[in-house]
Each structure stands twice: as C-alpha cells, then as structure tokens.
Amino acid sequence: MISALKRVFGTIAALILLLGVTLFVFGIPVIEGFSLIAEGAGADKFAWSRTLVKATPLLLTGLGMVVAWRGGMYNIGGEGQFIVGGLFSAALVPLLLKSGGAQVPAIAIPLLLLLSAVGGAAWAWLAAWLYVRRGVDVVISTILLNFVAIQLLAYCVTGPLRARAGDVPLTLLLPEALTLWRPDRQMDLHAGVLLALLVAVAVAVYLFRTKAGFYVRLAGESVRVARANRIDAAAMRIQAMLVSGALCGLAGGIEYIAMARQLGTGFSQNWGFLGIPVALLSGLDPMVAVISALLFGALFAGSENLARFTSAGPTLIYIVQALAVLGVVALRSFLSRRGKKPSVQAK
C-alpha cells in the first residue's frame with residue numbers, strides 16, 4: 001500500500017514538473033498556465049465532466065498496455081484494437097435496427113460493448129499468434145496492424161457500413177436509446193466512466209489476486225522460470241494479449257456508444273497510442289493507472305481552456321507525454337545500470 005501511494009505521488013509530481021518545464025519552454029507564464037489548465041479541468045461540473053470523459057479511453061487503453069506488458073508482450077497496437085472494437089460494435093447496429101433489437105437497450109448495449117471487446121481481443125490475437133507461433137516481434141506486428149486497422153476503418157465507412165444518407169463517409173447514426181446513460185444531458189459525463197473504474201479494479205484483482213494473473217506476470221518476468229514450474233508461457237502471453245486487446249477494444253466501444261455515435265475515418269483520436277504513457281507513468285500498476293489517466297484527462301480538458309488565451313493548445317499534452325515516456329525510460333536505464341555489480345574477472 002505504501003509503495004503504491006509513493007507511485008501515485010511520484011506520478012503527480014512528475015507530471016507537474018514536466019508540465020511546468022513545457023510551459024516555460026513555450027514561453028507561457030508558469031503560474032498563469034497552471035491556473036488556466038486547472039480552470040479548464042475542474043472549475044465547474046462541465047470541466048470535471050470533460051476531464052473524466054477524456055480520462056476514460058486513456059484509462060482503458062492504459063490498462064490494456066499494463067496487462068500486456070506485465071505478460072512480457074510489448075503491445076503497441078492499442079490504436080488498432082481500439083478502432084476494430086468500435087468497428088465490431090458499429091457492424092452490429094444495422095442488424096439491431098432491422099431485427100428490432102434496438103428496442104431492448106438493456107440487452108443491446110451490453111451486447112455492443114461485449115462485441116467491441118471481442119473485436120479488440122481478436123485483433124490482438126493476430127499479433128500474439130504471430131509472435132508465439134512464427135517468432136514475429138510483437139512490437140513490429142502490433143505497429144503494422146495499427147495501419148491495417150486504419151485502412152479497414154476507411155474501407156468500412158466508405159463501403160459496407162456507410163450510411164446511405166449524407167455526403168460524408170459515416171456509419172449509421174446510433175439511436176439515442178442505445179447510447180450510454182448520462183446523469184445530465186448538458187454534460188458529456190456518461191456511465192462509461194464508472195465502467196472504466198470498475199474495469200481497473202477487475203484488472204488489479206486479475207493480475208494480483210488470481211492464479212491466472214500470477215502466471216501471466218511470471219511468464220512476463222521469466223519464461224525459463226515459468227517453464228520450470230510447468231507453466232505454458234506461450235499460452236500465458238497469448239492470454240495477456242487477449243485481455244489487453246479486449247480492454248482497448250472496449251475503450252473503442254465506449255467511445256463509439258457514448259460519444260461519437262457514428263464512425264468516420266477520424267474515429268480514433270490516438271487514444272491507443274496515448275494509453276502507453278499512461279501505463280508507463282503508472283509503473284504498470286492498474287490502480288495507479290487510474291490516477292495517471294485522470295491527470296492526462298485533466299491536461300487534455302485544461303489545454304482546451306489554455307488554447308483560448310495562449311498560443312499553446314493540445315500540443316502541450318503530446319509534449320508532456322513524450323517527455324514522460326523518455327523520463328521513465330531514462331530513469332529505468334539509470335537504475336538498472338546502478339543495480340549491476342561489476343564483474344570480477346579471474347586472475
């Protein structure tokens with residue numbers, strides 16, 4: 001518990017420091033910049049709503065990275081899995097409308113979310129299979145599958161899933177009855193925020209309180225040790241990728257059902273890629289990832305307010321995230337070198 005709290009405070013301190021440095025480099029008064037960001041991220045219920053909504057896909061894709069990387073599978077394909085998850089949900093909507101299933105939201109909405117998770121898991125399984133059975137580096141395969149998913153999205157929204165009405169290539173507009181519940185129609189806040197928090201708890205329990213999660217972490221730490229204990233390391237790594245892909249796909253499903261309601265070529269706003277620094281800054285801890293996602297969500301919401309009064313905008317967030325990743329990599333490299341003992345050569 002104490003170590004987790006240290007990581008939380010470390011994450012907050014690191015982001016504040018990185019943001020301050022970035023504001024200074026941009027020539028923005030640091031105090032004024034922090035004030036504008038804080039106002040945009042939490043000044044009222046609308047600001048809090050924007051923060052939580054933007055943190056939701058960040059948290060789910062970040063959790064996907066946590067599970068995969070804990071299993072030794074360096075999944076960089078959250079973007080593709082996010083897109084395919086949204087596509088799987090959108091593909092079901094015409095069938096629901098024709099069959100009358102849209103009239104039963106209590107069944108249709110969970111089905112749409114489940115299908116999005118299945119889509120993301122299926123897309124991640126391709127990379128896992130290529131790695132385990134053919135030795136293809138998972139980093140390379142997942143990156144390339146991102147581009148395949150982007151082209152698949154373009155094909156679907158301009159072809160089989162395109163709505164007949166309108167000149168812009170978009171899928172059918174999701175009926176309002178099939179969108180996620182909102183406590184206030186004036187705000188973007190939706191039930192997907194709560195679902196993402198519950199998923200974070202479930203991932204923490206899975207990784208640290210179940211035998212399957214322990215096996216996944218063991219396989220990620222050392223394949224040799226896993227095999228010595230008669231654990232199928234390959235199966236555990238595939239399982240890690242399936243869970244990771246399902247989480248990223250679910251993020252796409254929630255974004256589609258709760259916010260977009262239609263898929264276009266610009267459906268994803270790089271949420272899959274942005275989940276990587278969320279996971280890294282959390283130290284691959286699911287519960288700390290909640291804090292990390294909230295902080296980045298606040299930065300996204302606050303940067304919109306900052307852009308109204310300064311020349312900076314969302315660019316700040318990408319710079320902060322890039323610095324965060326570089327900082328984590330540099331810190332781990334430094335610590336690993338300090339931990340190495342000099343070898344004693346035989347005389």
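A residue counts as buried under 20% relative accessible area, as exposed over 50% and as partly exposed in between, with a 1.4 Å probe and protein chains only. The model described here is predicted, so local features need pLDDT of at least 70 and side-chain atom pairs count only at pLDDT 80 or more, whereas totals for chains, interfaces and linings use all residues. Residues are numbered from 1 along each chain as its sequence is written, and side-chain values use heavy atoms, with hydrogens and water left out.

- R230, which is not a glycine, has a positive phi of about 60°, and at 82% relative accessibility R230 counts as exposed.
- N270, also not a glycine, has a positive phi of about 65° and is partly exposed, with a relative accessible area of 34%.

**A serine side chain**

- At 2% relative accessibility, S303 counts as buried, and a polar atom of its side chain lies 2.8 Å from the backbone oxygen of F300.

**Helices α4 and α5**

- Helices here are DSSP runs (H or I, at least four residues), as strands are (E, at least two), numbered from the N terminus.
- The axes of α4 (residues 78-99) and α5 (residues 105-134) come within 7 Å and cross at roughly 140°, where axes are lines fitted to C-alpha atoms, for helices over the stretch in contact, and angles run from 0 to 180 degrees between N-to-C directions.
- The two helices α4 and α5 are therefore oblique to each other, since angles under 35 degrees count as roughly parallel, over 145 as roughly antiparallel, 65 to 115 as roughly perpendicular and the rest as oblique.

Terms used: A polar contact is a pair of N or O atoms within 3.5 Å; within protein, one must be able to donate a hydrogen and the other to accept it, and residues adjacent in sequence count only if both atoms are side-chain atoms.
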